[in-house]
Amino acid sequence: MSERKNNLREMLTAEDLQDFGLTRSMAYAFLNRLDVPVIKIGKRKFIRREKFYEWLEEQEQRKDGDGS
């Protein structure tokens, strides 16, 4: 995974998120969430690669700590 991580661009688009297994609609819904640190340039939305991985880790920790 670390090799793949280093090959990605610094700022990820909805298309890039689809490479992680998200559908097109899921990727756009993700970029429209209020808890996701999105960068908007014109009408396009991006997330910095490192912020995406941080967000994923936070979600994983929440799931591990919720007692389910």
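Leaving aside neighbours within four places in sequence, aspartate 35 is in contact with Trp55 and Gln59, where contact means heavy atoms within 4.5 Å. This is a predicted model, in which local features need pLDDT of at least 70 and side-chain atom pairs count only at pLDDT 80 or more, while totals for chains, interfaces and linings use all residues. Residues are numbered from 1 along each chain as its sequence is written, and side-chain values use heavy atoms, with hydrogens and water left out.

**Aspartate 35**

- Aspartate 35 is found in the loop between α3 (24-31) and β2; helices (H or I, at least four residues) and strands (E, at least two) are DSSP runs, numbered from the N terminus.
- Aspartate 35 counts as partly exposed because its relative accessibility is 35%; buried means under 20% relative accessible area, exposed over 50%, and partly exposed in between (1.4 Å probe, protein chains only).
- The C-alpha atoms of aspartate 35 and tryptophan 55 are separated by 8.8 Å, and the two residues lie 20 residues apart along the chain.
- The side chains of aspartate 35 and arginine 33 are joined by a polar contact of 2.8 Å. Such a contact is a pair of N or O atoms within 3.5 Å; within protein, one must be able to donate a hydrogen and the other to accept it, and residues adjacent in sequence count only if both atoms are side-chain atoms.

**The sheet**

- Three strands form an open sheet in the order β1-β3-β2, with antiparallel pairing; two strands pair if DSSP finds at least two bridges between them.
- β1 (11-12) and β2 (38-41) stand at the edges with a single partner strand each, so one side of each has no neighbour in the sheet.
- Two bridges link β1 to β3 (residues 44-48) in the antiparallel sense, and leucine 12 stands opposite isoleucine 47 in β3.
- β2 and β3 run antiparallel and are joined by four bridges; isoleucine 47 in β3 is the bridge partner of valine 38.
- The hairpin of β2 and β3 has two residues between the strands, and glycine 42 there takes a positive phi near 65 degrees.

**The nonpolar core**

- The largest nonpolar core has ten residues, among them Leu12, Phe30, Leu31, Ile47 and Trp55. A nonpolar core is a set of buried Ala, Val, Leu, Ile, Met, Phe, Trp, Tyr and Cys residues joined through side-chain atoms within 4.5 Å.
- At least two residues of this core come from each of α2 (14-18), α3 and α4 (49-65), and α3 gives the most, with three residues.
- Leaving aside neighbours within four places in sequence, leucine 31 is in contact with residues including Ala14, Leu17, Val38 and Ile47.
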